[in-house]
Amino acid sequence: MTPGETVVVSTSTLDDLLAPPEPRRGGARLEAVNVSAWFGSNKVLERVSLPMLPGVVTALIGPSGCGKSTFLRTLNRMHESVASAKFAGEVRLNGNDIYQPGHRITQTRRSIGMVFQKPNPFPAMTIGDNVTAGLKLNGSRVSRGERADLIERCLTRAGLWSEVKDRLGEPGQALSGGQQQRLCIARSLAVDPAVLLMDEPCSALDPGSTNRIEETIRELKDDVTIVIVTHNMQQAARVSQQCAFFLATQGTPGIIVEAGDTEQIFNDPKDSRTSDYVNGRFG
Amino acid sequence: MTLAPALAPTPAVEPDDDQPRDIDPGLSPADRLFQHSARAIGLTVLAIFGSIGIFLGYQAIPTFRHYGWSFFTENEWQPQLDKLGISAVILGTVEVALIAIVVSFPLALLTALFISEYSPARLKSGLVSLVDLMAAVPSIVYGLWAFFLLQPRAIYVSRWLNQHLGFLPIFKVDADPNAAAWQQSSYTSSAFIAGLAVSMMTIPLAAAVMRSVFAQAPLGEREAAFALGATRWGMIRSVVIPFSQGGIIGGSMLALGRALGETIAVLLIISPAFDLKIRMLEVGTITTSSLIAGLFGDATSAQLSALLTAGFVLFCMTLAVNTFAAVFVNRSRSGTATEI
């Protein structure tokens, strides 16, 4: 590599890949540019553009079927894991298009983590192993001491450490739903992503657990860029600083009707449809 | 009229009065009819299966009376000398079946993994029916294939194994592997070649069971692995395989049950030898089913009883193996998510 050449993620050396990640400060800038998505011939998203800024929690809101989860899944290339899925546009992570040929998909997903609607810890693994699963899957080697540190650090950041520190050897599935979800957050954090995508992370949880997760999101937002899909208007208002309202009217693909500061979207929406939705008049 | 009496607390009753009530399930006549006929058919199948076991067991009584425990320890089968036993037969049966499983396990596992995890969607159904078709080929065809096509080539593998691993008893052959004109006939008709033929019949069975449990590995955990940056193989190793452990073991054991009973292909290939030996590459072995098929035609009534006794032993073995297999497969299907 010649000096001055831009370093893109795919040129990192083997040593970089195998080294256990150091905690990173500040998230990355993620930007969707003209993103369209299809399932078969059914177009579900049309030319959606949205910048997602570091240090900011971006909430994606909108009624069911408006394409916000699909949009989220295009951001770490999980969209294409569905056989009939197609994609157009660009998703730039710190300026580099993650769909660029030659870009390793595994590397992309490692820097853009994802937490799913239903908690999905690996059933055959203990709590501790679940946290380090991402490293193992990526072939990183961690010494015993580093491993213990990493587990403690990630579980602390996910707000779960005090509850599980004495039972790291128990199966992940022995935890409650809310704890499992926080375990999944810790698992995502262990590979040190710059962005964390959350697809309705609280929709299967009780209010208490929801509260804990929202706290976790607030604590993480300075380190990781967070994008969260939520059906819960209050949650969007509570945790996000930036908000995008998605809408798909009958038979047309989803678009972003309005995006901006959460305050503005909730208190002074420019579009009447946004106003109707955030005030609970439909959806 | 006042509501007060209705709202008053129920008077204390004797605790014994509080018995669960008999509740009529309230089935419609159609449901009732279906329930009864399904139960009748189910019981018929059980009854037929049970009567086979009872018939075999009953026929075995005279043999057990006459030979006692020596029936299990004697390896010779010489009715004219009144020397009969199934130790060599059982050993050969297990040997051939194990060879078949050792050969077919990796093939079935990789086939099932490829079909369920790697093959493109448009090829999948074609591949599934192709593998299922392997099970539909009559075993005599596999026997002929193995005898005429496979055997002349497989003996080179046998010889190579004997040359390089001959220090292990199972790979030893009583012939000089390095002789200039090596004795090909020492390597033919062996348990190894019979096992290869049987493996062709166990692959589709094991692959079908494994594929169906792989397909049930939960999507949520699969996506979780991918979202962490896993390669497909990493995902398979951390999600699909742990989830399917029971099915993998169960499928292999079902295949083992199938292999234990395989007759025609084995009968075609082996040359009967009643030695207690584990030299699987060497000419000559015997299995229970091929013993029965080979001697059934001109057996006297006493020999017939002995053959049926051998059949009874085989019946019990396969029953045990299949029961274990069913337990494993069921466990994998219902509760792996909470296992370990």
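Helix H4 (residues 87-118) of chain B gives the most to the lining of the largest cavity, contributing 4 residues. The model described here is predicted. That cavity has a volume of about 70 Å³, and the structure holds 5 cavities of 30 Å³ or more. The largest pocket has a volume of about 640 Å³. The points below take up the cavity and the pocket, then the aromatic residues, and finally individual residues of both chains.

**The largest cavity**

- The lining of the largest cavity is made up of 13 residues.
- Gly92(B), Glu95(B), Asp275(B), Lys277(B) and Thr285(B) are the lining residues that lie nearest the centre of this cavity.

**The largest pocket**

- The largest pocket is lined by 24 residues, and those nearest its centre are Ser81(A), Val82(A), Glu117(B), Phe226(B) and Arg232(B).
- Two or more lining residues come from each of the following elements: helix H3 (105-111) of chain A, and H4, helix H5 (121-136), helix H8 (219-227) and H9 of chain B.
- H8(B) gives the most to the lining of the largest pocket, with 4 residues.
- The lining of the largest pocket consists of 11 nonpolar, 5 polar and 8 charged residues.

**Aromatic residues**

- Over all chains, a search of the whole structure finds 12 aromatic pairs.
- One of these is the stacked pair of Phe64(B) and Phe72(B), with 5.7 Å centre to centre and 20 degrees between the planes.
- Phe64(B) is partly exposed, since its relative accessible area is 27%, and Phe72(B) also counts as partly exposed, at 32% relative accessibility.
- Tyr156(B) and Trp182(B) form an edge-to-face pair, with 5.4 Å centre to centre and 65 degrees between the planes.
- Tyr156(B) lies in helix H6 (residues 139-165) of chain B, whereas Trp182(B) lies in the loop between H6 and helix H7 (191-215) of chain B, so this pair ties together parts that are 26 residues apart in sequence.
- Tyr156(B) counts as partly exposed, at 46% relative accessibility, while Trp182(B) counts as buried, at 12%.
- One aromatic cluster is formed by Phe64(B), Tyr67(B), Trp69(B), Phe71(B) and Phe72(B).

- Thr63(B) is found in helix H2 (residues 29-67) of chain B.
- Thr63(B) counts as buried because its relative accessibility is 3%, which is under 20%.
- Apart from neighbours within four places in sequence, Thr63(B) is in contact with Gly68(B), Phe71(B), Ser305(B), Ala306(B) and Thr309(B).
- With Thr309(B) there is also a polar contact, made between the side chains of Thr63(B) and Thr309(B) at 3.1 Å.
- Leu133(B) is 70 residues from Thr63(B) along the chain, and the C-alpha atoms of the two are separated by 41 Å.

**Other buried residues within helices**

- Ser252(B) lies in helix H9 (residues 232-261) of chain B.
- The relative accessible area of Ser252(B) is 11%, and this residue is buried.
- If residues up to four places away in sequence are not counted, Ser252(B) touches Ile101(B), Phe105(B) and Met210(B).
- In chain A, Arg157(A) has its place in helix H5 (residues 144-157).
- Arg157(A) is buried, with a relative accessible area of 18%.
- Leu189(A), Thr216(A), Leu220(A), Asp223(A) and Val224(A) are touched by Arg157(A), not counting residues up to four places away in sequence.

**Positive phi values in loops**

- Most residues other than glycine have a negative phi.
- Asp192(A) is not a glycine, and its phi is positive, near 55 degrees.
- Asp192(A) is found in the loop between helix H7 (177-190) and strand E7 (195-199) of chain A, and this residue is buried, with a relative accessible area of 8%.
- Ser189(B), likewise not a glycine, has a positive phi of about 55 degrees.
- Ser189(B) has its place in the loop between H6 and H7 of chain B, and Ser189(B) is buried, with a relative accessible area of 11%.

Methods: Residues numbered from 1 in each chain as written. Chains lettered and ligands numbered in written order. Predicted model: local features only at pLDDT ≥ 70, side-chain atom pairs only at ≥ 80, totals over all residues. Heavy atoms only, no water. 1 Å grid on protein atoms, 1.4 Å probe; cavity = no way out; pocket = protein on both sides within 12 Å on 5 of 7 lines; lining within 4 Å. Points joined across faces, edges and corners; volume = space filled by probe spheres on them. Buried < 20%, exposed > 50% of the residue type's maximum accessible area, 1.4 Å probe, protein only. Contact = heavy atoms within 4.5 Å. Polar contact = N/O pair within 3.5 Å; in protein donor to acceptor, adjacent residues only side chain to side chain. Phe/Tyr/Trp six-rings, centres within 6.5 Å; stacked < 30°, edge-to-face > 60°. Nonpolar A, V, L, I, M, F, W, Y, C, P; charged D, E, K, R; others polar.
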